[in-house]
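Subject: Structure handover

Dear colleague,

Here is the structure for you to take over. My notes on it follow below.

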Amino acid sequence: REIEERGRSIDEKRRDRALLTRYPNKTIHDQERKEALAQVGVVIQAAKNRLDELAKQRVAIDAEMEFYQKDPAKAPAYLRRQLEENSQSQAVQRSFIGEQDAEIKRVNARFDDEAVRLKQLWTLVAPVPSR
């Protein structure tokens with residue numbers, strides 16, 4: 001048990017050193033969080049742009065489907081296929097955006113956890129003011 005505890009202690013110290021090396025101060029940690037969130041934001045924006053394109057396509061498909069409003073089963077197969085593909089693509093994009101929203105929460109949780117530990121470490125390594 002003592003050996004396991006010593007091993008955990010060594011691992012924890014190694015992680016702390018790595019954390020301090022990567023984030024020597026709060027400004028750098030905050031900047032890294034901002035960059036990580038910005039990357040996810042770019043992905044979300046691309047998915048939203050795709051949703052906008054799909055919505056425009058849907059308007060055109062719906063306009064063509066108007067001719068078959070009374071009996072949609074009489075619509076040509078290609079048109080029904082376009083309608084189905086468009087609906088599926090929109091659902092995929094919405095699901096993807098939901099996943100990216102969850103990723104934002106994970107990124108924030110990770111950085112919040114790191115910040116708690118880093119605050120402790122930064123106070124331990126802070127230079128002692130000279131008199």
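**Salt bridges**

Glu32 and Arg22 are joined through their side chains by a salt bridge, with N to O at 3.5 Å; a salt bridge here is a side-chain nitrogen of Lys or Arg within 4 Å of a carboxyl oxygen of Asp or Glu. Glu32 belongs to helix 2 and Arg22 to helix 1, ten residues apart, and the pair links distant parts of the chain. Helices (H or I, at least four residues) and strands (E, at least two) are DSSP runs, numbered from the N terminus. Glu32 counts as partly exposed because its relative accessibility is 27%; buried means under 20% relative accessible area, exposed over 50%, and partly exposed in between, with a 1.4 Å probe and protein chains only.

Before the rest, two notes on the source. The model is predicted, so local features need pLDDT of at least 70 and side-chain atom pairs count only at pLDDT 80 or more, while totals for chains, interfaces and linings use all residues. Residues are numbered from 1 along each chain as its sequence is written, and side-chain values use heavy atoms, with hydrogens and water left out.

The structure has twelve salt bridges. Another of them pairs Arg117 with Asp16, whose closest N and O atoms are 2.5 Å apart. Arg117 is in helix 3 and Asp16 in helix 1 (residues 2-22), so this pair ties together parts that are 101 residues apart in sequence. Asp16 is buried, at a relative accessible area of 11%, whereas Arg117 is partly exposed at 25%. Glu12, Asp16 and Arg117 are linked in a network of salt bridges.

Arg110 and Glu114 also meet through their side chains in a salt bridge (3.4 Å, N to O). Both residues lie in helix 3, four residues apart, which is about one turn of the helix. Arg110 is partly exposed at 38% relative accessibility, and Glu114 is buried, with a relative accessible area of 13%.

**His29 and the cores**

Glu114 also takes part in a polar contact: its side chain is 3.1 Å from the side chain of His29. A polar contact is a pair of N or O atoms within 3.5 Å; within protein, one must be able to donate a hydrogen and the other to accept it, and residues adjacent in sequence count only if both atoms are side-chain atoms. His29 is in helix 2 (residues 26-65) and counts as buried because its relative accessibility is 1%. Not counting residues up to four places away in sequence, His29 touches Tyr23, Phe111, Glu114, Ala115, Leu118 and Trp122, where contact means heavy atoms within 4.5 Å.

The largest nonpolar core has eight residues: Leu19, Tyr23, Ala36, Val107, Phe111, Leu118, Leu121 and Trp122. Helix 3 (residues 77-125) gives the most to this core, with five residues. A nonpolar core is a set of buried Ala, Val, Leu, Ile, Met, Phe, Trp, Tyr and Cys residues joined through side-chain atoms within 4.5 Å. Phe111, leaving aside neighbours within four places in sequence, is in contact with Tyr23, His29, Glu32, Arg33 and Ala36. A second, separate core has five residues, including Val40, Ile44, Ala47 and Ile97.

Gln100 is also in helix 3 and is buried at 14% relative accessibility. Residues up to four places away in sequence aside, Gln100 touches Val40, Val43 and Ile44.

**Arg80**

Arg80 lies in helix 3 and is partly exposed, with 37% relative accessibility. Its contacts, apart from neighbours within four places in sequence, are with Pro72, Ala73 and Ala75. A polar atom of the Arg80 side chain lies 3.2 Å from the backbone oxygen of Ala75. From Arg80 to Glu103 there are 23 residues in sequence and 35 Å in space, C-alpha to C-alpha.

**The chain as a whole**

The protein chain has three helices and zero strands. The C-alpha trace spans about 85 × 45 × 15 Å along its principal axes. Buried residues are 21% of the 131. Of the contacts with a separation of 6 or more, 74% are between residues 24 or more positions apart.

Regards
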